[in-house]
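Have the structure open as you read.

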Amino acid sequence: MEPNPRQMSSQDPRELPPTIVAYLLNDAKVNEAVFTRALLSLGEAGWLRIEPEDAGVPVVRINRLPVSGQVRPFEQLALDRVVRRTGTATNVPLSALTSNEGDDYEPWWKRFREAITAQAREAGLVTRGMRDFVACTVPFGLSTAAGIAAAIAASSIAAGFGAGVAMMIACSIIVARADRPKLTDQGKAAADWWRQHGGGFDGAVIADRLPPGALPSPHSPESLAAQGAAPTAATTQDQPQ
């Protein structure tokens, strides 16, 4: 039975998908570099080809598309982005994939971000920061009551309204922080391992690591198979599981 690409082991940091590694190294935040790492992984796996044009601008081509269950949910969303932006053309500039222009961007980005977070949470690498939420609700209730009482005592509706708005803004910021995933001890350990051992997954350097030639590389399992050679363990070690 082939391994389920939706499952991943969090016990060994080397077995984590490169996109999840980039996510952990970015303190559990999904940004353009994490998305770019997802595209590179799809190129390394043979689903996409990332090629330089004459002007030096990287373009992305669809090499083949997976059937249901062959890739992880966040990888499928990345592929969906390529398919939608390519349209009837043969390729799409990488910059068009990372651009936030268009009505379709925000809904897609939200799903992509949530899919990566869900995968990391399932592996025990991140958790929600509920402490901030609890710390917000109790002072908010007490402070609101105190603000109303002060407004009545001062007979100033405007002052009470202003204090209430300020408190609502402050509480909203804290609640937003509560919704942001936080690294678990296991997630921190995995991130620390990759910081020590490297691998080119960290932050902005990902976008600078686009290959000068096409992906998949000549040493990928797909390319070796085309050459009639069997991929070695060293070759497949960095491939998405």
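The largest nonpolar core has 42 residues, and those with the most contacts inside it are Y23, L24, L39 and F112. A nonpolar core here is a set of buried Ala, Val, Leu, Ile, Met, Phe, Trp, Tyr and Cys residues joined through side-chain atoms within 4.5 Å. At least two residues of this core come from each of α1 (18–25), α2 (32–44), β1 (48–52), α3, α4 (94–98), α5 and α8 (185–197); helices (H or I, at least four residues) and strands (E, at least two) are DSSP runs, numbered from the N terminus. The most is given by α5, with 7 residues.

Before going further, a word on the source: this is a predicted model, in which local features need pLDDT of at least 70 and side-chain atom pairs count only at pLDDT 80 or more, while totals for chains, interfaces and linings use all residues. Residues are numbered from 1 along each chain as its sequence is written, and side-chain values use heavy atoms, with hydrogens and water left out.

Now pick out L39. Leaving aside residues up to four places away in sequence, L39 touches L48, I50, A78, V82, L94 and L97, where contact means heavy atoms within 4.5 Å.

How do the helices meet? Two packed helices are described by the angle between their axes and the distance between the axes. Helix α3 (residues 73–86) and helix α5 (residues 105–122) have axes that come within 8 Å and cross at roughly 160°; axes are lines fitted to C-alpha atoms, for helices over the stretch in contact, and angles run from 0 to 180 degrees between N-to-C directions. That makes α3 roughly antiparallel to α5, the term for angles over 145 degrees. On the α3 side the contact is made by P73, F74, L77, A78 and R81, and on the α5 side by Y105, W108, R111, F112, A115, I116 and Q119.

The pair α2 and α5 packs at an angle of about 75°, with axes 12 Å apart. That makes α2 roughly perpendicular to α5, a label covering 65 to 115 degrees. Here E32, V34, F35 and A38 of α2 meet W108, W109, F112 and I116 of α5.

Finally, look at T184, in the loop between β5 (181–183) and α8. T184 is buried, with a relative accessible area of 18%; buried means under 20% relative accessible area (1.4 Å probe, protein chains only). Not counting residues up to four places away in sequence, T184 touches G124, L125, V126 and T127.

Technical notes: Angles under 35 degrees count as roughly parallel, over 145 as roughly antiparallel, 65 to 115 as roughly perpendicular and the rest as oblique. Buried means under 20% relative accessible area, exposed over 50%, partly exposed in between (1.4 Å probe, protein chains only).
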